[in-house]
Amino acid sequence: MNLHQTYEHLPIDISVDKLANVKEIIFCDNKEKKCIEFKFSQGSITLHTNYYIGVDWLNKNDTAIYVAPKLNEERKETDYFQMLFSCMKHSDISAHSKDLYEIKFDEQYIEINQKQDLITPLLMIRYLQVLKSVVRKGLKKSYYRVEQNLSSKIKGKVLVSKTLKQNILKNRPNKTICNFEVYGVDSIENKILKSALKFVEFYLAKYRQFSDCFLPLLSFCKPAFYEVDDSSFDLNLIKKIKINAFFKEYKEALDLAEMIIKRFGYNIREMDKKVVRVPPFWIDMPKLFELYVLGLLKEQYGSKIQFQAKGNYGEPDFLLITESEKMVIDTKYKRIYQNNDEYQNRFNSDDIRQICGYARDRKILKRLGYTDEDMQDIVVDCLIIYPDQNSSEILPKNLKVHSIDQFTKFYKIPVKLPTL
């Protein structure tokens, strides 16, 4: 297998004869979102990556591509894990991470170095966040069948053959093997959840760089499964489980647990290998940047930040609503807004039109607190937040520090991303 390594939003150096069998790769069946695409220029064809990181087959079972987080500056690589942990520590933000990644479990796995495995930490921290909600509400109890060798009593159905073989023939006439229903937490659902939790715990013990983020969640969840025996269960039974509406968190928790168990091929010792086999996967970096910024804004403004408020025209990323400020805010994971000589005062006209549309949307204006009379004369502040490693701050306190001179009340601010 040939594995090509590159960075997001860069052309791929691959020979033309390989291109004949290579297809474009789209994200989550959305033709608008292309992880890998063709570009034609002066009679030549090249492959380009977009703002997605991950690993996938370019040519089935022969040529694969690994796309790492972009190099924003020479020798500085975006620390994807730190961005992930920063936003996922907020439980309400992690709930918006469902569309952050795509994993193709049905395709052949690809061998990569363990350090290139970007998907496993994401799955595990999301799993622990969901499991925390499950544990906080209380594990679901249900009726399930057990088999026990009872002494001097009979319960449920007597297993005659097993009783004869294990008890009567061994001169234990007071013992009877019975199969009966009990009510408790040792159900198939909780067995699967506990099994996945053991994978997470083993992973933490081996890769301690993730411990600071994972351990508090693990310590919270683990005691709840003390009475659950995960020594044997059939993962295929997960398809037959019916989730009660009161325990709606179980559905996502079981989906994530299944992903984690499948990721390691049901074998916890797969974590010991330096070269690992992973299913093809992609992570949406603009979405991750959006969630990262949401975490920063929530830390600075708390409940005064509204996320993805629905309007007539669309959904801006954020609304800032305070007594002194009302602002429409959108994140743009693009270099064009960076303040250097090449990009000074440049902007993307489509971005400007999009955000201006939000700022004139009556439904959005009402969310900001304006009346119908106010809307006739008001010009709402608009802000673009973009990544820039040259910024001196993670998030400037003054959101109006840089204006886009070509437009009224339109601003931009840089956010410094963590780097390796």
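User: Before the individual contacts are discussed, what is a salt bridge?

Analyst: A salt bridge is a side-chain nitrogen of Lys or Arg within 4 Å of a carboxyl oxygen of Asp or Glu. In general, side chains of opposite charge can pair when their charged atoms come close. The structure considered here is a predicted model. In this model, the side chains of R362 and D372 form a salt bridge, with an N to O distance of 3.8 Å.

User: How is the relative accessible area of R362 and of D372 to be read?

Analyst: A residue counts as partly exposed when its relative accessible area lies between the limits for buried, under 20%, and exposed, over 50%. R362 has a value of 43% and is therefore partly exposed. D372, with 42%, is partly exposed as well.

User: Which parts of the chain are tied together by K400 and D381?

Analyst: Their side chains meet in a salt bridge at 2.7 Å, N to O. Because K400 lies in the loop between strand 20 and strand 21 (402-403) and D381 lies in strand 20, the pair ties together parts that are 19 residues apart in sequence. K400 is partly exposed, at 31% relative accessible area, whereas D381 is buried, at 7%.

User: How many residues separate K33 and D284?

Analyst: The side chains of K33 and D284 are paired in a salt bridge of 3.8 Å, N to O. The two residues are 251 residues apart and link distant parts of the chain, K33 in strand 4 (residues 30-41) and D284 in strand 16 (residues 281-284). K33 has a relative accessible area of 31% and is partly exposed; D284, at 5%, counts as buried.

User: How many salt bridges does a search of the whole structure find?

Analyst: The search finds 20 salt bridges. Such contacts may also be read as networks: D330, K332, K334 and D351 are linked in this way by salt bridges.

How values were computed:
Residues numbered from 1 in each chain as written. Predicted model: local features only at pLDDT ≥ 70, side-chain atom pairs only at ≥ 80, totals over all residues. Heavy atoms only, no water. Helix = DSSP H or I, 4+ residues; strand = E, 2+ residues; numbered from the N terminus. Buried < 20%, exposed > 50% of the residue type's maximum accessible area, 1.4 Å probe, protein only.
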